[in-house]
Amino acid sequence: MFSEIITFMSKTVCITGNLGFIGNNMVKYYLDKGYKVVGIDKNDKVSTPHSIKYMTISEETLSWNYFPYICDINDSEQIRTILFSTRPDYTIHTAAGSAVDASILHPEQTLKDNALGTLSLLIQTKIYIDSL
């Protein structure tokens, strides 16, 4: 019964860029603290989805408390759907294009992903918060 109360009371955190180095470590940190974690990542060539399996977290914890979504933060509709369906208490934004060579070769895409993606996430988060 006690574990059911803890599960009911647990907070949910949404982490963007959860398949990147920083986001992946944030996932582990919050799972270790007992949070439910919603991960959002577009899973591109710099993502590290394989690192999730190396976490020192039980399979049971991962299956019950970790909810990964493949989604580009520029996709406003999908971000809104994820926020409204998972109802996070907090959002931590670590998604960004960090490859220097890609930013030189494709500066417009880097601007879109880093600046406009952040703006999109902020707008959808505000819409979600205003609905509470």
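R80 forms a salt bridge with E77, their closest N and O atoms lying 3.5 Å apart; a salt bridge here is a side-chain nitrogen of Lys or Arg within 4 Å of a carboxyl oxygen of Asp or Glu. This is a predicted model, in which local features need pLDDT of at least 70, side-chain atom pairs count only at pLDDT 80 or more, and totals for chains, interfaces and linings use all residues. Residues are numbered from 1 along each chain as its sequence is written, and side-chain values use heavy atoms, with hydrogens and water left out. Welcome to the tour; the overall layout comes first.

**Overall layout**

- The protein chain has six helices and four strands, where helices (H or I, at least four residues) and strands (E, at least two) are DSSP runs numbered from the N terminus.
- Along the sequence, these elements follow the pattern α-β-α-β-α-β-α-β-α-α.
- Of the 132 residues in the protein chain, 36% count as buried; buried means under 20% relative accessible area, exposed over 50%, and partly exposed in between (1.4 Å probe, protein chains only).
- Among contacts with a separation of 6 or more in the protein chain, 74% come from residues 24 or more positions apart, a contact being heavy atoms within 4.5 Å.
- The protein chain has an accessible surface of about 8,300 Å², and carbon and sulfur atoms hold 62% of that; areas come from the Shrake-Rupley method with a 1.4 Å probe, and for residues only the protein chains shown count as cover.

- Helix 4 spans residues 76–86, and I79, I82, L83 and T86 are buried in it.
- R80 itself is partly exposed, at 26% relative accessibility.
- After helix 4 comes R87, which has a positive phi near 50°.

**T16 in strand 1**

- T16 belongs to strand 1 and is buried, with 0% relative accessibility.
- The T16 side chain reaches the backbone nitrogen of A95 at 3.3 Å.
- Beyond its neighbours within four places in sequence, T16 is in contact with I40, I73, I92, H93, T94, A95 and L121.

**More salt bridges**

- The structure holds four salt bridges.
- One of them joins K28 to D32, with the closest N and O atoms 2.8 Å apart.
- K28 and D32 are both in helix 2 (residues 21–32), four residues apart, about one turn of the helix.
- K28 is partly exposed at 24% relative accessible area, and D32 is partly exposed at 49%.
- Another salt bridge links D130 with K126, with the closest N and O atoms 2.7 Å apart.
- D130 and K126 both lie in helix 6, four residues apart, and both are exposed.

- I127 lies in helix 6 and is partly exposed, at 35% relative accessibility.

Notes
Polar contact = N/O pair within 3.5 Å; in protein donor to acceptor, adjacent residues only side chain to side chain.
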